[in-house]
Amino acid sequence: MTSSFQAAALVAAPLYPNAVVWSDENLIAVASGHLNPALPYGPRGLITIRTNDPYPIGLIPNRQDLLTACLLPISLSRDCTTPCVRSISWSPLGMAPNSGCLLAVCTLDGRVKLYCPPFCDFRAEWIEIMDISDMLYNHLTNINFGESDISNSLQLSNEQAIAGESLNDHTNTGSKREHKRRKASATGYNGSKTKTSWDLVPCSGNNSDTAAESKSKKKRPQTSNDTLPQITAKQYAFRSSMLHSVVVAWSPVLRVSSKSQNGPKNNRYSILAVGGKSGKISIWRVHVPQCYSIEQRGSPPTVDLVGLLDGHTSWVTAMSWYLLPCDGSPQQILLVTGSSDGSVKIWMAQSEELLRSSDGKSAPFSLLKEVIPVNIIPVSVLSDVVPSDSPHKMLLAIGKGSGSIEIWKCDVSGSKFDKADSHDAHSQVVTGLAWALNGHCLYSTSLDNFVRSWILRGNSLVEVTLPSNTPGLRSSTDLPDNFISSVGMAVSPGNLVLAMVRSYDHAMLDQMVQKAAVEFLWIGGQLLDTSSENSPEFDIKDFPGFSGTELVYWESNILQSLQQYEYQDNKPLVIWDIVAALLAFKQSIPKFIENILLKWLSVSYCKSTHTLSAENILSNLLKNLSKISSRQLQILNIICRRVLLSELKSDQSNSNKAVVGEFKEKQTSIWKELVLSSEKELRERLVWLSFSFYNGRGCRPASQSSEQCWHPVGLAQMEQWVASNSDNVHEQLKVLASTVQTLDKRKIFSSSYVPEEQCSLCSASVPFNSPEVAFCQGSAEGKKDREACKLERCAFSMQICPMSPLWFCKCCSRRAFKLPPETLFTMLGFPSNSVSASAESQFREILSKPLCPFCGVLLQRLQPEFLLSASPV
C-alpha cells in the first residue's frame, strides 16, 4: 500500500463507517469519541460527547413484557455508557454565524446536535447551538408518536432489530467492550426510586455551560413516573426507535426565488436529513443566517421540522444528497438513502415545497426509484457524483456489509437507472467510499484495512494501483504503521488528497496513547486510463524520481482541479490542496510546476492551444483583463500569491513598488505585475458596483435595508481613488464617477460618505494616499514627539478599519469591516454599459458575501496559532 505523506494521531478509535468528513471550509472532522486536546500533534478543536439519560416515553406495567425480544437491543444499548459518535456531517458553507460550516453530530445513544466553531470564544471546544433530538421528542410527544392506529403503525420486531444490529456487529468486531444484560428487578418495577431500563425519568442534560443547552433543559418537561403513560413493550420499542437516530446528512444550500417570497429574508436554507432505527427520516430545514458576524455568535439558527419520510422498514444507515441543475425553474434535489434491510432508494423534492412545508407531518418527497430492493445484506455507505460534462447523470456507489460494491448509472432527466457493475472489493464491511477527479476514480476502504482505487471503464469497474511517488511534504509526526482496520475516508475539495482514518492493532493499545490516526495520501498522480500509454510533452530527464506517466497524470489532474473551480461559481473556492501540491513540487522540481501553470494560463486565460511564454501571457492578459470573469481573476491571484510569489511577504505583494531591484529574477517581476493588475481590475468592479448603487438611488433618501442586504460605504474614498488613477481606469467607470459627483451624498447615505477621516489612535487627520494602508498626520499637526500611526484600510470600502475585530483573508492578509456584494463574484467581466437611474431594484436584493474580493476565499476572524484555524495549507 502507498505510504502517507502526513498523519495525525487520535486518542480514541472510531467505530462506525464514514468516520471522517472534509468540509468546504477546509476542516476535517473525525468521529473518534471523546478527544483529548493535550496531545502535542492532536486536534486543535474538539467536541466533548457526554452521556444522556433516556427520554421519558412511557412505563411498561406488565413485568413479563420486560422479557420481550424487541426490548433486548434497547437493554444492550443502555448498558453501553461510553460516549461515542456514530455519524457526522458538515453543512455547506455559510450556515454558521461566521459564514463557516456547522457540524451535525449523531451519537451512539441516538442524539443529534448541531455545533458551530468557537470563532469568538478563543477556546478549542466547539459550541452546541441546537439539539435536534429534543425538538424531535417534543414533536413526537405532541402527536403521540403517531399511534392513532397503533395496530397498523410500524413496530420494530425482533427480526428488524437484529437486522439493524448486524451492521453494528460488523463495525464493532475490533472493540473489547462487554455488554451486560440488566436484570429486571421487582424493586425497580414497583415504583421505588431505583431506575430500570423501562421506567424512565426526565433527562438531566449533559452538564454543558452553553446557552443553547440551558434553553434545552428548560424546554424539557419534568415528567415524573406517575404521570408517564402506560404502554406495551412493542409501543416502547416503537417509540424508542422513532427517537433513536443513526445517521445524518446535510444538503447543499437551496434558494427560492424572491418572486414567491416577500423579499430576500429566509429564502436560503439547507436540509438536514436524520435517519433513525425505525426506518423513518426526519427532514429539518435550517435557514441561512440573516447576517454574519465575527464578534458574536448571535441567536441560534432557525430550524423547522419539514416532516417525516417513511423511508425504509429497518434502520437507515447511509444517506447522500445531490442538487440537480436548473434553468430558472424551481430547484430539485435528490436524496439517496440506504438501509440495514439492504434496500437503496432515491427520493426527489422541490425547493419551494420544502420551504412551504412546516406541519411536521409527511415530508414532500416522492420516490423516484428503488434502486435495490430489500435483501439480507445491509448497506453501510453511499457515495454519489455527477461528472461536470453530464450534469443530469449521477454515478452512485453502494458499499455493503458483505464487502461488495455496486455501481449504478442514474439518468435523472431520462428516468433511467441501470446497474453498471458490482465487485467483491473487500472481505469485510465497506466503511468508506469516495468519488474523486470528476467521477473518473472511486476509492473504497474497509475493516479489512485495505484501501483500493477503481476506474469505471464503460460498465466495468476496474481496479488500478494507487500512486506510489508523492511530492515531498514531510510528516509532522512519526507514527507507527501497525494498523488493523480502516473506518472511513474523505477526498479534499480540490480532489488531490485522500484522508483515511485507521485504527491500530489491539495488541498495542496498552502500550500506546494513540488509538488511531488520520492519514493523508496524495492522489493527484492517480492512473485514470489503463488502456493508453500517455507520454509527457517534456523531457523526463529534467524531473528525476518520477515516471513520465505519473507526471502526465499529475499535470492532467491539477489542471482539471483548477478548471472545475473556474466555471462553477457556486463551488466554494477552497484550493489549498492544489496549492500544497504545487508548493511541494516547486521545492523538488520547480520547472515542472512552471510548465503546468504556463499551460493553464495559456489555455484558460489566453485561449491558446499552445503553451505561451510568461512574457506573452502577461502581455495578453493585460489587454484582456476586463473580459475575464471575477472567479478566474481570484484563482489567478491565489496561485500567484501562494505559489509563484510564495517567497514574498503579503505587504510586499500588495505594494505597488517595483521589486526588480530586490528580486533579480525576471519571472518574479512578471507575476508581481500580473497580480497587481488583476487586483486593480477587481477593485474597479467593486467601485463600479458601489457607484451604480448610489446612481440608482438618485437624490432619494435611503430606506432601511435588511441586515443581509448589501449597501456600500466609503464613497468619498472611492472617488479619491478613481481621481488618483484616472489614467488607468475604465472609461465607463470615469463616466459613472462624474455622475455620482453631482449627487448630494449626505442625503443619500450620510454614514457612507466620510471625506475626512481621523486616526483612531491619536485623532489626527488621515489623508487618502493608498487603498491598502494609511498614515495619520499626527507629527505634522504639532505632535512632533510621536511618529505617524500606520492604519489598515478596509479591503472593500477603502475606509480606515476600526479597532473592533476584523474580517481577515488568509491568502492576501487583507482586513475588512464591511463585506463586498455577492454580484462581484459572479461577474463575467467589466460591465460594458452604465446603470440607469432606475437600477435601484437591481441592487435591492444583493446580499453581502463574507469572501475576500481579491482572492474569493472565506474571510475569517484571525485566531491565535494554538487554536483551530482553517489554514490555507
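Ring pairs link Trp-522, Trp-554, Phe-585 and Phe-592 into a cluster in this predicted model. Let us look at one pair from that group. The ring centres of Phe-585 and Phe-592 lie 5.1 Å apart and their planes meet at 70°; planes over 60 degrees apart count as edge-to-face, so that is the name for this pair. Both Phe-585 and Phe-592 are buried.

Another member of the cluster, Trp-522, leads us to strand E27, which covers residues 516-522. How many residues of strand E27 are buried? The count is 7 of the 7, so the strand is largely enclosed by the rest of the structure. Here is a general idea that helps when you look at a strand: in a regular strand the side chains alternate between the two faces of the sheet. You can follow this along E27, where Ala-516, Val-518, Phe-520 and Trp-522 point one way, while Ala-517, Glu-519 and Leu-521 point the other way. The residues on both sides are buried, and Glu-519 is among them.

Now turn to the partners of E27. Strands of a sheet pair through backbone hydrogen bonds, either parallel or antiparallel. Strand E1 (residues 6-10) runs antiparallel to E27 and is joined to it by 5 bridges. In one of these places, Leu-10 has Ala-516 of E27 as its bridge partner. Strand E26 (residues 497-504) also pairs with E27 in the antiparallel sense, over 7 bridges. There, the bridge partner of Leu-498 is Leu-521 in E27.

Elsewhere in the chain you can find an open sheet of 4 strands, in the order E17-E18-E19-E20, with antiparallel pairing. Which strands stand at the edges of this sheet? They are E17 (379-385) and E20 (416-423); each has a single partner strand, so one side of each is left without a neighbour in the sheet. From one strand to the next, the twist averages 20°. Inside the sheet, strand E18 (residues 393-400) and strand E19 (residues 405-411) run antiparallel and are joined by 7 bridges.

Let us return to aromatic rings. The whole structure holds 11 aromatic pairs. One of them is formed by Trp-90 and Trp-126, whose ring centres are 5.7 Å apart and whose planes stand at 65°, so this pair is edge-to-face. The pair links distant parts of the chain, 36 residues apart: Trp-90 belongs to strand E4 (residues 85-90), and Trp-126 lies in the loop between strand E6 (112-116) and strand E7 (127-131). Are these two residues buried or exposed? Buried means under 20% relative accessible area, so Trp-90 is buried at 11%, and Trp-126 counts as buried at 6%.

The charged end of Arg-86 sits over the ring of Tyr-16, 4.7 Å from the ring centre. Likewise, Arg-452 has its charged end over the ring of Phe-450, 4.9 Å from the centre.

Finally, step back to view the whole chain. The protein chain has 18 helices and 34 strands. Of its 873 residues, 58% are buried. Among contacts with a separation of 6 or more, 67% come from residues 24 or more positions apart. The chain exposes about 36,500 Å², and carbon and sulfur atoms supply 48% of that area.

Definitions and conventions
Residues are numbered from 1 along each chain as its sequence is written. This is a predicted model: local features need pLDDT of at least 70, side-chain atom pairs count only at pLDDT 80 or more; totals for chains, interfaces and linings use all residues. Side-chain values use heavy atoms; hydrogens and water are left out. Two strands pair if DSSP finds at least two bridges between them. Helices (H or I, at least four residues) and strands (E, at least two) are DSSP runs, numbered from the N terminus. Axes are lines fitted to C-alpha atoms, for helices over the stretch in contact, and angles run from 0 to 180 degrees between N-to-C directions. Rings of Phe, Tyr and Trp (its six-membered ring) pair if their centres lie within 6.5 Å; planes under 30 degrees apart count as stacked, over 60 as edge-to-face and the rest as tilted. Buried means under 20% relative accessible area, exposed over 50%, partly exposed in between (1.4 Å probe, protein chains only). A charge sits over a ring if NZ of Lys or CZ of Arg is within 6 Å of the ring centre and within 35 degrees of the ring normal. Contact means heavy atoms within 4.5 Å. Accessible areas come from the Shrake-Rupley method with a 1.4 Å probe; for residues, only the protein chains shown count as cover.
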